Amino acid sequence: MRHPTDNLYYLVFAALMVLLLLTVGVSRYELGAWSLPVAAGIASVKAVLILLYFMHVRYSRPLIWLVAGAGFFWLAILFGLTLSDYLTRDWPALPH
Amino acid sequence: MAEHSRALAHHFENLEQQRDAGELGMWLFLTTEIMFFGGLFLAYCVFRAWYPAEFVAGSETMDVTLGTINTAVLLTSSLSMALAVRAAGQSQRRRLVALLVATTLLGVVFLGIKSYEYHHKYEEGLIPFGGFPFAYDTGRRAGLVTFLNLYFLMTGLHAFHMVVGIFMLLALAVLAWRGGLLGERSLPVHNIGLYWHFVDLVWVYLFPFFYLIAVRSGGH
């Protein structure tokens with residue numbers, strides 16, 4: 001099996017640290033409705049780096065791509081179908 | 001017939017098939033973990049849409065400095081884990097043991113900081129279950145209770161995964177010290193590494209979702 005080099009691991013680690021500082025820095029600005037998408041976006045870039053390099057998906061067989069992809073595909077179904085309901089209905093006011 | 005490697009179990013054709021099967025099994029387990037945590041993240045999104053102001057108020061009770069340090073600790077442990085997997089594949093015994101021990105220690109540091117944070121929440125009266133004193137009986141109680149319940153449930157489940165991972169890392173370190181897990185026998189290090197990175201990946205989302213949604217001074 002092919003492996004990334006140690007130097008590539010150090011590079012990915014440096015990128016993850018920069019993204020950590022970025023997400024903390026951005027959180028100091030009031031982004032309103034954008035704060036969740038921005039935070040989730042930066043976290044997803046970090047997640048993809050971890051998946052592709054630390055978890056070797058980039059160097060793995062197509063079958064591993066399929067299994068990992070299926071996991072996130074079903075996660076997308078779970079989120080897509082549920083939130084399309086909850087975020088579009090006019091729900092009655094909740095107790096405080 | 002080609003010579004038989006002693007690392008090959010009799011029910012596999014060859015080492016590559018054995019390794020592929022083991023790796024596939026680990027990934028199947030990880031897909032169940034994606035859905036396991038996924039349901040909780042979905043609950044977070046629904047409740048955040050219902051209680052936006054209360055989630056901001058809840059996030060203001062979090063210590064961003066400790067959270068940032070803990071994220072850095074966990075990312076560093078992922079680096080040492082990735083290097084350990086490589087050391088195992090290259091049969092570098094001493095380096096493998098050192099990196100496994102380093103990963104374990106970083107995991108313990110993470111749990112130590114997390115325990116301190118939980119204790120601080122107790123002192124501030126911010127544990128809304130189990131009969132602990134809860135200081136918030138004024139307005140917006142339901143939303144804040146929901147936020148804190150999700151915080152303890154999700155970070156607690158994550159911390160439980162860390163504890164399991166730490167015990168597995170210790171077992172790997174002992175086996176590596178005895179001269180196992182090297183070269184063609186390194187699959188367990190690779191698979192526990194996948195688990196450890198996955199737990200890191202979950203935290204990558206937990207950190208901004210709980211610590212970073214408060215509107216703090218210093219911005220505009």
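From the N terminus on, chain B of this predicted model runs α-α-α-α-α-α. Taken along the principal axes, the C-alpha atoms of chain B fill a box of roughly 75 × 40 × 30 Å. Of the 220 residues in chain B, 38% are buried. Among the contacts in chain B with a separation of 6 or more, 75% are made by residues 24 or more positions apart.

Helix α1(B) has 36 residues, and at 1.5 Å a residue it should span 52 Å; the end C-alpha atoms are 53 Å apart, which agrees. The buried residues in α1(B) are B:Glu23, B:Trp27, B:Leu30, B:Phe37, B:Tyr44, B:Phe47 and B:Arg48. What do the buried residues of α1(B) pack against? Their partners are α2 (52-59), α5 and α6 of chain B, together with α3 of chain A.

Chain A follows the pattern α-α-α when read along the sequence, with 3 helices and 0 strands. The radius of gyration of chain A is 18 Å, whereas the globule rule gives 12 Å for 96 residues; the value is well over the rule, so chain A is more spread out than a compact globule. Along the principal axes, the C-alpha atoms of chain A fill a box of roughly 55 × 35 × 20 Å. Buried residues account for 19% of the 96 residues of chain A.

Within chain A, α2(A) can be followed in some detail. Its 20 residues should span 28 Å at 1.5 Å a residue, and the end C-alpha atoms of α2(A) are 27 Å apart, which agrees. In α2(A), the buried residues are A:Ser35, A:Ala39, A:Ile42, A:Ala43, A:Lys46, A:Ile50, A:Tyr53 and A:Phe54. Why do they lie on the same side of α2(A)? They cover an arc of only 110° around the axis, and this puts them on the same side of the helix. The exposed residues A:Pro37 and A:Ser44 are carried by the face of α2(A) turned away from its buried side. The buried residues of α2(A) pack against α1 of chain A, and also against α3 (64-89) and α6 (187-211) of chain B. After α2(A) comes A:His56, which has a positive phi, near 65°.

A:Val38 is also placed in helix α2 of chain A. With 17 other C-beta atoms within 10 Å, A:Val38 is partly exposed. Not counting residues up to four places away in sequence, A:Val38 touches A:Val26 and A:Leu31. The C-alpha atoms of A:Val38 and A:Thr23 are separated by 8.3 Å, and these two residues are 15 residues apart along the chain.

Now to the meeting of the two chains. Contacts between them involve 40 residues of chain A and 46 residues of chain B. On the side of chain A that touches chain B, α1 (6-26), α2 (35-54) and α3 (62-86) of chain A each supply at least two residues. Which of these helices gives the most? It is α3(A), with 14 residues. By class, this side of chain A has 28 nonpolar, 7 polar and 5 charged residues.

The largest nonpolar core has 69 residues, and those touching the most other members are B:Ala84, B:Leu96, B:Leu100, B:Leu172, B:Val202 and B:Leu206. Two or more residues of this core come from each of α1 and α2 of chain A, and from each of α1 (15-50), α3, α4 (93-123), α5 (141-177) and α6 of chain B. The most is given by α6(B), with 17 residues.

One of the core residues named above, B:Leu100, touches B:Ala84, B:Leu169, B:Leu172, B:Ala173 and B:Ala176, not counting residues up to four places away in sequence. B:Val101 is found in helix α4 of chain B. Is B:Val101 buried or partly exposed? B:Val101 has 18 other C-beta atoms within 10 Å, where a buried residue needs 20 or more, so B:Val101 is partly exposed. Between the C-alpha atoms of B:Val101 and B:Ala84 the separation is 9.7 Å, and the two are 17 residues apart along the chain.

Conventions: Residues numbered from 1 in each chain as written. Chains lettered and ligands numbered in written order. Predicted model: local features only at pLDDT ≥ 70, side-chain atom pairs only at ≥ 80, totals over all residues. Contact = placed C-beta atoms within 7 Å. Helix = DSSP H or I, 4+ residues; strand = E, 2+ residues; numbered from the N terminus. Nonpolar A, V, L, I, M, F, W, Y, C, P; charged D, E, K, R; others polar. Expected span 1.5 Å × (residues − 1). Buried ≥ 20, exposed ≤ 12 C-beta atoms within 10 Å, placed from the backbone. Arc of directions from axis to C-beta. Rg over C-alpha atoms; globule rule 2.2 N^0.38 Å. Core = buried A, V, L, I, M, F, W, Y, C linked by C-beta atoms within 7 Å.
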